[in-house]
Amino acid sequence: MQQAPTAAWRWLWNGLGWLWVALGAAGAFLPVLPTTPFLLLASGCFMRGSPRIANWLHAHPTFGPILTDWYQKRAISRKVKRRATVMIVASFSFSIYIVGAMWLKGLLVMCLIVLLCWFLRLPETESVAGSAENS
């Protein structure tokens, strides 16, 4: 039987959860931050620290559908996938452009290729929320 977390652990999990929510919310507007991974991290933290906040996050009109798609179908919506792909390529391209060392440019290109190969293989689904999610 699993023991309930102490107050200190709940504070830590909830603090991390809010940090990930803030970064995920910023990612909805900034091209260099991905929204979905931060929301998944926040959800996991809140499940350990505060089920009430986890339920709120899963019911949120913007963030909830992304989490629901992932937890129920292990997939992301086509819209989220397209947007994330564009942002991944844009942020890596900018990084490759500003970095001076050729070996570092090569390393970034290899990381981009590996990330895109993994990301583009994720299953797609039509979102449970229709067009309202992550707009």
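Reader: In which helix does Phe94 lie?

Author: In this predicted model, Phe94 lies in helix α5, which covers residues 78-98.

Reader: How many helices and strands does the protein chain have, and in what order do the elements run?

Author: The protein chain has six helices and two strands, and from the N terminus on the elements follow the order α-α-α-α-β-α-α-β.

Reader: What share of the residues is buried, and what part of the accessible surface belongs to carbon and sulfur atoms?

Author: Of the 135 residues in the protein chain, 36% are buried. The accessible surface of the protein chain is about 8,500 Å², and 71% of that surface belongs to carbon and sulfur atoms. As for contacts between residues at least 6 apart in sequence, 69% of them join residues at least 24 apart.

Reader: Which residues does UniProt list under "transmembrane region", and what does the chain look like over residues 106-122?

Author: The UniProt record, an unreviewed entry, lists residues 18-42 and 106-122 under that heading; such annotations may be inferred rather than shown by experiment. In the model, the chain over residues 106-122 is 88% helix and 0% strand, with the end C-alpha atoms 25 Å apart.

Reader: How should I read the cysteines, and what is the count of disulfides?

Author: A disulfide is a covalent bond between the sulfur atoms of two cysteines. The test applied here asks for a pair of cysteine sulfur atoms within 2.5 Å, and by that rule the count is zero.

Reader: What should I make of the phi of Arg74, and where does Arg74 lie?

Author: Most residues other than glycine have a negative phi. Arg74 is not a glycine, yet Arg74 has a positive phi of about 50°. Arg74 lies in the loop between α4 (64-73) and β1 (76-77).

Reader: And why is Arg74 classed as partly exposed?

Author: The class partly exposed takes in values between the buried limit of 20% and the exposed limit of 50%. Arg74 belongs to this class because its relative accessible area is 48%.

Notes: Residues are numbered from 1 along each chain as its sequence is written. This is a predicted model: local features need pLDDT of at least 70, side-chain atom pairs count only at pLDDT 80 or more; totals for chains, interfaces and linings use all residues. Side-chain values use heavy atoms; hydrogens and water are left out. Helices (H or I, at least four residues) and strands (E, at least two) are DSSP runs, numbered from the N terminus. Buried means under 20% relative accessible area, exposed over 50%, partly exposed in between (1.4 Å probe, protein chains only). Contact means heavy atoms within 4.5 Å. Accessible areas come from the Shrake-Rupley method with a 1.4 Å probe; for residues, only the protein chains shown count as cover.
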